Amino acid sequence: MTFSDETLLAYLEGTLDEAQSRAIEAAVEDDVEVERRLMALDPFAPVVGQVFEKLPTAAPKVDLPEPVARNTNGGFLRLLAVAAGVGVAAVALTFWATRPAELGWAQQAAIYQSLYVPETIVSLDSSEASLDKQFAMAEAALGRSLNREALDSLPGLELKRAQVLSFKGKPLVQVVFADEQGQPFAFCVIRQGPNAPKAEVKQAVLSGLATVTWAQDGYGYMLLGSSPQTDLSSELDVLTRTFAS
């Protein structure tokens, strides 16, 4: 059985009689071409298609067209409208469920540190005068001592630089070292504020680097090695004791 566009449109608008409506519904189940023609005539189909095209770069915001006036035979139109609505809701839920999580300070610091190579630090000015100035600025920004003597005594590490960065308006200090192979190593401190929660020591690999993070007394701390396999245990033991208060 064939159906004209006028008949299919009448069906979508719910103006077709019961017998013809049942015939179209039966045809849709077996004939993809009838289904395609119905979708082409459906005013809601392009809206759903546009939503999918926008993913994942923008949150879906959909203004559905005003529903066509329907009579008692408008069941399928209602089904299409519901299907469109369900499709939009599913797209919205998918978007929010799969949207990229916002990166925290530790993730951002790891990304930054992962760009370091031996050539980055080999030419840094690590003279006493330069380090004096850098640590003075860093400690002023943080509002606390960085215990430079302890940092300078970490086994197997050469102190290279301290620089002040910022994460969402909070001062973040990166202290850079070179290990015995000349590979970059870092210790970061961020001032989180007096109400920041305490966080226990947590090990993770971030941006391809072995890391350890913890937080206490309004400050967050982070150790970063030069590879996923870097053993941070000896430095962690010293630093957790040094920055215990």
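Which side chain makes a polar contact with the side chain of Arg161? In this predicted model, the partner turns out to be Tyr116, whose side chain pairs with that of Arg161 at 2.6 Å. Arg161 itself belongs to strand S1, which covers residues 158–167.

The charge picture around this arginine is worth a look. Arg161 is buried, yet no salt bridge goes with it. The nearest side chain of opposite charge belongs to Asp125, and that one sits 11 Å away. For a salt bridge, a side-chain nitrogen of Arg would have to be within 4 Å of a carboxyl oxygen of Asp or Glu. Leaving aside residues up to four places away in sequence, Arg161 touches Tyr112, Tyr116, Leu124, Leu131, Gln134, Gln174, Val175 and Val176.

Met39 lies 27 residues from Leu12 along the chain, and the C-alpha atoms of the two are separated by 9.7 Å.

Zooming out, the protein has 10 helices and 6 strands. Of its 245 residues, 39% are buried. Among contacts with a separation of 6 or more, 57% come from residues 24 or more positions apart. As for the surface, the protein exposes about 13700 Å², with carbon and sulfur atoms supplying 56% of that area.

Key. Residues numbered from 1 in each chain as written. Predicted model: local features only at pLDDT ≥ 70, side-chain atom pairs only at ≥ 80, totals over all residues. Heavy atoms only, no water. Helix = DSSP H or I, 4+ residues; strand = E, 2+ residues; numbered from the N terminus. Buried < 20%, exposed > 50% of the residue type's maximum accessible area, 1.4 Å probe, protein only. Contact = heavy atoms within 4.5 Å. Areas by Shrake-Rupley, 256 points an atom, 1.4 Å probe, with all protein chains shown as cover. Lys, Arg positive; Asp, Glu negative; His and termini not counted. Polar contact = N/O pair within 3.5 Å; in protein donor to acceptor, adjacent residues only side chain to side chain.
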